[in-house]
Amino acid sequence: MTKINRFGNMMPSEEQKRRPYLLDRTPFQIAGNLYYVGNEWCSSHLIDTGSGLILLDVPCASGLPGLLYNIDYLGFHIRDIRYIIVSHAHTDHFGCVNALVHRTHAKTFLGAVDAQDMREHADRMEAMNQNLGVYNETFSPDVELQDGDIIELGNTRIRCVFTPGHTVGVMSHFWDMQYKGKTIHVGIYGGAGFGSLSRKALEKNGLPLSMQQTFLSSIDKVWNEPVDLMLGNHPFHNDVYQKYMRRCRGEEEPFIDPTEWHRYLQELRDCYSEFLKLSDEEIERMYASSQLQAYYDGCFESDGGEGEDTPGECDRVS
């Protein structure tokens, strides 16, 4: 059995690129006021603050119909989106920001370093946008975040931590949520892929080799964050659908796991350390084919092997 590298090539198949709705799944409540409204490739999280909605990351423009459907399915309305927070300046996390802002007038947030990089390297950003399909657009954030900034709305107070590496301006996010009479610490590492950190990729993008060490320093920076409920900006980073299916099959709280944060960051460290030892040819082979479909193999099958359990079919939590 091939070992899945969740930090390697996890791009959609060619068919899913042509027919992006194939990536869509029914959304669900993770816990309390936190919901998953993303798809099989890119995570989007919705927070109901009681004073409006926060969206943490949005998909490429091709994923906008699915995102809108998911928000509506859960009983929310896009007119109530007040804030859109983007973890880092890659199209698969901001591609439909402008389309959403056009209809919602939501305030947008992005790390200041990434915002500057987006302005100064418009050609590189546009090439990335077009590689992921039509209608993707860069955007000008209303708020350019600095390390330690707080984003507050209603009952939610999100702390932004500068963790560069995956891009020059990645922001990770941490906040507390009240759930079943307890305070739950929520955390998301803002950008974990490291294909952009090969010597060849850094040279192509005009970035210093020191970014390789910067990535490790960012992991160290957030290592001691207290995280009870870990999110990912891709669903395969925190096994979000697998957890949901476990809950559908009777597990009480699969999303709450105070040990996951360290296990994940250690896995990220270990995989990255191995990556840095590879030659250009070995890296090219590593990214030659996607493992996304292999990762999901069996995820949505029912325990009895008949039919398919689809997220949204089991009772939502409160």
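Trainee: Which strands does helix 8 lie across, and how does helix 8 run relative to strand 11?

Mentor: Start with the terms: helices (H or I, at least four residues) and strands (E, at least two) are DSSP runs, numbered from the N terminus. Axes are lines fitted to C-alpha atoms, for helices over the stretch in contact (heavy atoms within 4.5 Å), and angles run from 0 to 180 degrees between N-to-C directions. Here, helix 8 (residues 211–222) lies across strand 9 (156–162), strand 10 (171–179) and strand 11, at about 180° to strand 11. Helix 10 (residues 260–276) also packs on the sheet, touching strand 10, strand 11 and strand 12, and its direction makes about 10° with that of strand 11. This is a predicted model, where local features need pLDDT of at least 70 and side-chain atom pairs count only at pLDDT 80 or more, while totals for chains, interfaces and linings use all residues. Residues are numbered from 1 along each chain as its sequence is written, and side-chain values use heavy atoms, leaving out hydrogens and water.

Trainee: In what order do the strands of the open sheet come?

Mentor: Strands of a sheet pair through backbone hydrogen bonds, either parallel or antiparallel. Two strands pair if DSSP finds at least two bridges between them. In this open sheet, 5 strands follow the order 8-9-10-11-12 with mixed pairing. Strand 8 (150–153) and strand 12 (229–232) are at the edges with a single partner strand each, so one side of each lacks a neighbour in the sheet.

Trainee: Why is strand 6 largely enclosed?

Mentor: Buried means under 20% relative accessible area, exposed over 50%, partly exposed in between (1.4 Å probe, protein chains only). Strand 6 (residues 107–111) has 4 of its 5 residues buried, so the rest of the structure largely encloses it.
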